[in-house]
Amino acid sequence: MSGPQCCANPPTLDPASGSGHVEKLGGLNSYITGPSDSKRAILLISDVYGFEAPNLRKLADKVATAGFYVVVPDFFYGDPYAPDNADRPIQVWLKDHGTDKGFEDAKPLVQTLKSKGVSAIGAAGFCWGAKVVVQLAKPEFIQAAVMLHPSFVTVDDIKAVEVPISILGAETDHLSPPALVKQFEEVLNAKSEVGSRCKIFPKVAHGWTVRYNVEDENAAKCADEAHGDMIEWFTKHVK
């Protein structure tokens, strides 16, 4: 299920990027940004390149300007996927960093946020992170979910969703092609009690919201539109 497209356009990781800071939260090193006294928190769950990706941190800072306390956890414990390591291809790396473990690691993080006085939590997942988010998509964990170009997510996963969810897909996506996103949409439309929105972005590929070239005007514009959709969803449902 994971191939070249899921690893295309790797970012240059930068631990100093972003205007926030790194601290340990719920047992995980996390990039933190936004008002610390906010009662509304957003988890951004990365793709395989982890929490030091500059575009992801820049997005976290953007979400924070909407009044959210934003947390980008390091679910990989300092071991993000390294495409130049020929001895550890993506399939091998994934054996050490399964999405099920990400879900289990997210639970204490959610509890920590609640213990700090946070009353509403949203979670957005990118590629790998989308699978973690769909598992979190129950009221006991979060109040709203966004999946951006998801990887590994199945129709059965979507059937189990219990909170408002937005799915942002790419026209060119081998991991979650438009036909699969359409299936997700049909399942969600049958769940009238769960708010949902599915959207396919034309002329973009898997990973476009966080692995775009900042100097490519069209790529940045498409990513910005998706970011705006995500923030709008959280503003509506995380209160």
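Predicted model: local features only at pLDDT ≥ 70, side-chain atom pairs only at ≥ 80, totals over all residues.
Which residue in E5 is the bridge partner of Ile45? Gly125 takes that place.

Picture an open sheet of eight strands with mixed pairing. Read across, the order goes E1-E2-E4-E3-E5-E6-E7-E8. At the edges you'll find strand E1 (21-25) and strand E8 (196-205), and because each has a single partner strand, one side of each is left without a neighbour in the sheet. On average, neighbouring strands here are turned by 25° against each other, direction ignored.

Now zoom in on E3, which covers residues 40-45. Five of the six residues of E3 are buried, which leaves this strand mostly covered. E3 runs parallel to E5 (residues 120-126), with six bridges between the two. E3 and E4 run parallel too, joined by three bridges. In general, strands of a sheet pair through backbone hydrogen bonds, and they can do that parallel or antiparallel.

Here is who faces whom along E3:

| Residue | Opposite residue | Strand of the opposite residue |
|---|---|---|
| Arg40 | Ala120 | E5 |
| Ala41 | Tyr69 | E4 |

What lies across E1, E2, E3, E4 and E5? That's helix H2, made of residues 54-64. H2 runs at about 50° to E2, the strand of residues 28-33. The helix also belongs to a β-α-β unit: E3, H2 and E4 make one together, and that unit is right-handed. E4, for reference, is the strand of residues 69-73.

Conventions: Residues numbered from 1 in each chain as written. Heavy atoms only, no water. Pairing = 2+ DSSP bridges. Helix = DSSP H or I, 4+ residues; strand = E, 2+ residues; numbered from the N terminus. Axes fitted to C-alpha atoms, helices over the stretch in contact; angles between N-to-C directions. Contact = heavy atoms within 4.5 Å. Buried < 20%, exposed > 50% of the residue type's maximum accessible area, 1.4 Å probe, protein only. Right-handed = clockwise from strand over helix to strand, strands pointing away.
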